[in-house]
Amino acid sequence: MRMIFFATVFALVASASAFAQDADAETRAIVDTYMAHYSAAEFEAMAPYMAEDVVFSDPTATGLGETGLLHHGRDPIMIALQEFATQYNPIGLNFEWDTVFESNDRYVFMGRVNATYPTDQDGMVFRWSAAQTTVIHMRDGLVVEQFDFADYEGAEQGLVPVE
Amino acid sequence: MKLIQAAVFFCIATFGSNSFAQEVTPARQTADAWLAAYQAQDFDVARTLLTEASTFIDPTSFGREGFGDPINWTGADSIIAGISSWGLDEAEYTFNRVYESPGRVVYDGSVLVTYQNGARFNYPIISIVTVENGHLVEHRDYTDFDGATRIDNQ
């Protein structure tokens, strides 16, 4: 009887562990897809991954007061992103992450942003490049918080050939 | 969201902004002084940079099994008591990138922690230090606890 009990407990623990690993992998895949859309400046495709009460913050953004850039809620965030896309037509943000880790549902991406924009010069784009870290906080498979930190004042920018 | 800010840079197309990054601002001096005191575990100096409203937080510590209380302290006494409880000799940062925006410095890299029992661990980390009027407003860490590497003593 005791062996059956232990076997049952073991099976339950193993099952729970496997479930947790599956859930972690699934969440990581969601985060990677979300960040791929962000990197490609596919802003509309990001919306389904955001919780309704998502917070989007960039406290390093300059010229916007002490809090920097701060939006509460999916709809205001999407409006801001769509306005930006309409006005400036970014080609992509082209992130390059050299360190990525997860802890306590926070997915941390450390590296650079290489935002590109069209120009009227054939074969050239305008590139704005800076150190950046993005932290994505996930809950129930949705983004509930995004922090961006970028080196605006140390950014490199100029025309570069289209890759 | 760097997007709007990137747009601003794109619109004004200024190429002289790097000169700002090379100045040592008062905020950078305060943030560096705080981080130096933290690395040396010099709590006398650290206390001079703290106020009762200062916060020290690491959201990646919340809810971790076997971790103990989460890192989320407010006020000089609470922060110093919290850091002291780790039993560190020192915490030595290696920076991959350091950058700042007004009142805020971002330290991106890893931290080699030496405990008083001699154990040493290297943690990938990003620390965002916010300061105001010569004092710490917030020390915010995101730490790769699971990605820590143990460093053998020589």
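Two strands are said to pair if DSSP finds at least two bridges between them. In this predicted model, β4(A) and β5(A) pair in the antiparallel sense, over 13 bridges.

On its other pairing, β4(A) runs antiparallel to β3(A), over 7 bridges. Here A:R112 in β4(A) stands opposite A:E96. The hairpin of β3(A) and β4(A) has 2 residues between its strands, and A:N104 in the turn has a positive phi of about 55°.

Most residues other than glycine have a negative phi. A:D105, in the loop between β3 and β4 of chain A, has a positive phi near 65°. With 19 C-beta neighbours inside 10 Å, A:D105 is partly exposed. A:N89 also has a positive phi, near 50°, and lies in the loop between α2 and β3 of chain A. Is A:N89 buried or exposed? A:N89 is exposed, because 10 other C-beta atoms lie within 10 Å and a residue counts as exposed if that number is 12 or fewer.

Finally, turn to the contact between the chains. In chain A, 36 residues are in contact with 36 residues of chain B. Elements of chain A that give two or more residues to this side include α2 (74-88), β3 (96-103), β4 (106-118) and β5 (124-139). The residues on the side of chain A that touches chain B divide into 21 nonpolar, 10 polar and 5 charged.

Technical notes:
Residues are numbered from 1 along each chain as its sequence is written. Chains are lettered from A and ligands numbered from 1 in the order in which they are written. This is a predicted model: local features need pLDDT of at least 70, side-chain atom pairs count only at pLDDT 80 or more; totals for chains, interfaces and linings use all residues. Two residues are in contact if their C-beta atoms, placed from the backbone, lie within 7 Å. Helices (H or I, at least four residues) and strands (E, at least two) are DSSP runs, numbered from the N terminus. Ala, Val, Leu, Ile, Met, Phe, Trp, Tyr, Cys and Pro count as nonpolar, Asp, Glu, Lys and Arg as charged, and the others, Gly among them, as polar. A residue is buried if 20 or more other C-beta atoms lie within 10 Å of its own, exposed if 12 or fewer, and partly exposed in between; C-beta atoms are placed from the backbone.
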